[in-house]
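Please examine the sequence and the three-dimensional structure shown below. The paragraphs that follow lead through it step by step.

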Amino acid sequence: MNSLTIILNIIAPPVSIFRKRGIDNDLAISILLTMLFFFPGIIHAFYLTSRNNEIL
């Protein structure tokens, strides 16, 4: 995980998820969490960007 990803995870979690995974259900969840509760959106972004690129 590079420094740009860490900064985007803190400032704009949905942007970070979009850069990592594209338009996906995870992006919608990240937007919802960030709009409702900012801190869970940050945690969700760190979780998704720190995982390997595995298909679920």
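The count of salt bridges in this predicted model comes to 2. Side chains of opposite charge can pair when their charged atoms come close. In one of the bridges, the side chain of arginine 21 meets that of aspartate 24, with an N to O distance of 3.4 Å. In another, aspartate 26 is joined to arginine 21, and here the closest N and O atoms are 2.9 Å apart. Because these salt bridges share partners, Arg21, Asp24 and Asp26 belong to one network.

Aspartate 26, at 15%, is buried, because buried means under 20% relative accessible area.

The packing of helices comes next. Helix H2, residues 13–21, packs with helix H4, residues 38–50, at an angle of about 20 degrees, and their axes are 9 Å apart. This angle makes H2 roughly parallel to H4, because angles under 35 degrees count as roughly parallel. The crossing of H2 past H4 is left-handed. On the H2 side, the contact is made by Pro13, Ser16, Ile17 and Lys20. H4 contributes Phe38, Gly41, Ile42, His44, Ala45, Leu48 and Thr49. Of the residues in this contact, 6 are nonpolar, 4 are polar and 1 is charged.

Finally, isoleucine 7 is found in helix H1, which covers residues 3–11. With a relative accessible area of 46%, isoleucine 7 is partly exposed. Its C-alpha atom is separated by 18 Å from that of methionine 35, which is 28 residues away along the chain.

Definitions and conventions: Residues numbered from 1 in each chain as written. Predicted model: local features only at pLDDT ≥ 70, side-chain atom pairs only at ≥ 80, totals over all residues. Heavy atoms only, no water. Helix = DSSP H or I, 4+ residues; strand = E, 2+ residues; numbered from the N terminus. Buried < 20%, exposed > 50% of the residue type's maximum accessible area, 1.4 Å probe, protein only. Axes fitted to C-alpha atoms, helices over the stretch in contact; angles between N-to-C directions. Parallel < 35°, antiparallel > 145°, perpendicular 65-115°, else oblique. Left-handed = near helix turned anticlockwise from the far one by under 90°. Contact = heavy atoms within 4.5 Å. Nonpolar A, V, L, I, M, F, W, Y, C, P; charged D, E, K, R; others polar. Salt bridge = Lys/Arg side-chain N within 4 Å of Asp/Glu carboxyl O.
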